[in-house]
Amino acid sequence: MGLVRKFATVGGATLGSRIFGFARETLMAAALGTGPMADVFYAAFRFPNLFRRLFAEGAFNAAFVPLFAKEIEANGVEGAKRFSEEVFGVLFTVLMILTIGMELAMPLLVSWIIAPGFADDPEKLSITVRLAAVMFPYLMSMSLTAMMSGMLNSLHHFFAAAVAPIFLNVVMIGALFYALYTGAEPALTAWYLSWSVLAAGVLQLAVVYGGVRHAGISIGLRFPRFTPNVKRLLVLAVPAAVTGGITQINQIIGQAIASAKEGAIAALQYADRIYQLPLGVVGVAVGVVLLPELARALKAGHTKEATYIQNRSIEFVLFLTLPAAAALWVLSDEIIRVLYERGAFTEQNTAVVASILAIYGLGLPGFVLIKALQPGFYAREDTRTPMRFTGVSVVINSALAISLFPFIAERGIATAEAAAGWVNTCLLFTTLLRRGDFVWEWALAKRAARLVVASAAMAGVLVYLSDRWSGWLQPETQLLTQVLALGALIAVAMVVYFGLAFAIGGADLGMIRRNLQRGGRNTSPAPESLPSEGEQ
């Protein structure tokens, strides 16, 4: 399966998840708006979500996958199965201890870390503690899910792991429909949502476990033992857990600051959901596919092939995120108005959330490039360098968020996150370049410049059309008309961007055809057959 086809498999499943996520957030906006219960639910959900990214996805995508790939290369599927059972036994035990400890400490964690701004409202604080206690076991399910997803990705079975997140949105949508149908109060709606999160975690674990069994591996529960392989995993996983959750770290810092203003947490969440669509579809697809591809190429000694894969991934990221960033910047008001402005979500809410979304749009290429650059370190079993860069970006994010929040409120937090993401991107890129793990291609640089030109031209067309079609995008217009007008704007933008990008040489059919043909270990060319810079 070619590299772009693998991106498309993961990205397509992630797109489905994000579409259901849009539906979920639209129902959330109608049911809760940016009121106090929306703040409470999102604050409570952020904590298990943070630990999921730090303890599960970041650690295992970065540390487990290269070691699992090494076992496959050295000892075949049986060796990989033995290694996965060793890890499963330790992981299950650690998660059980962590969950019990966090449940007991939840009141302190909420008042000191999750939402210190709720301290002056005892009722709000109490509800947040109870909701967080219900949802925290979600971490255990999702951590085990992340491990099995890493196994599936290493075995080139991408779909089951990519499609599993859809079930979280489906179950939560069911809970919201029930709450709206029965006319439940906001507090009761938040309770329904909390239990739906826990149920969805169990369902996602069942889906990926079925995928692992289908791939020919059955995992048994072993008594936890710190074997050499497990110790090596822990050495790599601790810094990777911090690094992999950079966005969540920055967001929880922003949330703690935003909790001082009512409605700010929910406003940030609604904007975050929109920009997560391109971030998830492109960034997650690249990160999930690229790491096992690089790891297996490097373990086999194909360094030129690894360099080629990394460069083509960056090219793929720029090709799709530059126009997405321009569109989010120009159409932020129209997007938020059409998707959210109804029920409890007012015109004032639209103005605030749209301004946040526009800033997130500027940070989008940087956030996705992080997903394409970090595997260059992880595949070489270097998790400490990205961790140090994460520390720098967190310091920058915290300083900017604290400094800007008193002046521009939620927009200050979004600005801090975007700036921190770009700083991290620059540090990762320059380090790979300096070490020789990334080979500079002038052809790639020229194409990137042309893609910027194509994106700017597309943005100009969108500014012109959005002004001319503004009457069709107002809240008083029928929803179907609003959706069709927004869809038409996006369709025109795609025609303009892709047409111009191909016309001026920002992309070419030969590049796409080569990426479709390349990919896995069995289909990748030998290192000496890779095209030179001039051919690319």
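A: This is a predicted model, in which local features need pLDDT of at least 70, side-chain atom pairs count only at pLDDT 80 or more, and totals for chains, interfaces and linings use all residues. Residues are numbered from 1 along each chain as its sequence is written, and side-chain values use heavy atoms, with hydrogens and water left out.

The whole structure holds 17 aromatic pairs. Rings of Phe, Tyr and Trp (its six-membered ring) pair if their centres lie within 6.5 Å; planes under 30 degrees apart are stacked, over 60 edge-to-face, the rest tilted. Phe 319 and Phe 502 are edge-to-face because their planes stand at 75°, with centres 6.2 Å apart. This pair links distant parts of the chain, 183 residues apart: Phe 319 lies in helix α11 (residues 303-340) and Phe 502 in helix α16 (residues 479-503). Helices are DSSP runs (H or I, at least four residues), numbered from the N terminus.

Buried means under 20% relative accessible area, exposed over 50%, partly exposed in between (1.4 Å probe, protein chains only). Phe 319 has 10%, so it is buried. Phe 502 has 30%, so it is partly exposed.

Tyr 340 and Phe 345 make a tilted pair, 5.5 Å centre to centre and 40° between planes. Tyr 340 is buried at 1%, and Phe 345 is buried at 2%.

Technical notes. Helices (H or I, at least four residues) and strands (E, at least two) are DSSP runs, numbered from the N terminus.
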